[in-house]
Amino acid sequence: MQPTSSHPKERIYCALDTVDVAAAAKLACALKGTVGGIKLGLEFYCANGADGYKRVAEEGLPIFLDLKFHDIPNTVAGAIRAVAPLGPKLFTIHTQGGPEMVRRAADAAREEAERHGHTRPWVIGVSVLTSLDGSDLNAIGVGDAIPDQVARLAALAQDCGIDGLVCSPKEITLARAATNPGFKLIVPGIRPAGAAVGDQKRVMTPQDAVTAGADILVIGRPITQAEDPAAAATAIAESLNV
């Protein structure tokens, strides 16, 4: 696994929450030199597919392809083989797909990277979505508290050979305690002080998240909706260098 850069800006991945390829490419271009990469999600990929991805990738920033694969093991492995030639820096699966699915995802990513001569992408497991709280888990039949569920899924992810976990800022410490230091923690729900929380229920400031042990901060609206996205990203990176 490649190490996470110590430069503060390399910790920031900007979520480009749009289905407009031209707008996404323009933002990616504007953010070069101010962030470590960009995140393209399910809406963007469903609307634009591999061609849209390639257009944004032309701007030269590493891409976090956040499709959250969750299906039977054979189908997830096939999906990974399908997107691997695009060369994302990291992509996501749902750890609640179970141990075999997670292991097959790790194997498929390694095999396809070797076959295409690419650097192997990080396979990152989603734990509990940051839009959920304890009552939401209870509603779908998960009786454990969110911290217990995240700790269980973090240990599962590491044991099955993937590279890291997506967790909310509030679970960084316990996820780190359940895994080794090289296991990556990818953290959405990041809001600079004074920013609107929006639809995230478990949030934290960038500096507090890094102090707690986050490796990558996924930040969307505080950057993309700023009057000057590059300046907003730079200010966040500078806040980490204190």
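Asn48 lies in helix H2, which spans residues 42–57, and the structure in which it is seen here is a predicted model.

**Asn48 and its surroundings**

- When neighbours within four places in sequence are left aside, Asn48 is in contact with Val19 and Val21.
- Between Asn48 and Arg81 there are 33 residues of separation along the chain, and their C-alpha atoms are 19 Å apart.

**Helices H3 and H4**

- The axes of helix H3 (residues 73–83) and helix H4 (residues 99–116) come within 8 Å of each other and cross at roughly 25 degrees, so the two helices are roughly parallel.
- The crossing of H3 and H4 is right-handed.
- On the H3 side the contact is made by Pro73, Asn74, Val76, Ala77, Ile80 and Arg81, while H4 contributes Glu100, Met101, Arg104, Ala105, Ala108, Ala109 and Glu112.
- By type, the residues of this contact comprise 8 nonpolar, 1 polar and 4 charged.

**Nonpolar cores**

- The largest nonpolar core has 61 residues, and those with the most contacts inside it are Leu16, Ile80, Ile93 and Leu165.
- H4 supplies the largest share of this core, namely 6 residues.
- Ile80 touches Phe69, Phe91, Ile93, Ala105, Ala108 and Ala109, if residues up to four places away in sequence are not counted.
- A second, separate core consists of 11 residues, among them Tyr13, Val126, Val166 and Ile216.

Technical notes: Residues are numbered from 1 along each chain as its sequence is written. This is a predicted model: local features need pLDDT of at least 70, side-chain atom pairs count only at pLDDT 80 or more; totals for chains, interfaces and linings use all residues. Side-chain values use heavy atoms; hydrogens and water are left out. Axes are lines fitted to C-alpha atoms, for helices over the stretch in contact, and angles run from 0 to 180 degrees between N-to-C directions. Helices (H or I, at least four residues) and strands (E, at least two) are DSSP runs, numbered from the N terminus. Angles under 35 degrees count as roughly parallel, over 145 as roughly antiparallel, 65 to 115 as roughly perpendicular and the rest as oblique. A crossing is left-handed if the near helix is turned anticlockwise from the far one by less than a right angle, and right-handed if clockwise. Contact means heavy atoms within 4.5 Å. Ala, Val, Leu, Ile, Met, Phe, Trp, Tyr, Cys and Pro count as nonpolar, Asp, Glu, Lys and Arg as charged, and the others, Gly among them, as polar. A nonpolar core is a set of buried Ala, Val, Leu, Ile, Met, Phe, Trp, Tyr and Cys residues joined through side-chain atoms within 4.5 Å. Buried means under 20% relative accessible area, exposed over 50%, partly exposed in between (1.4 Å probe, protein chains only).
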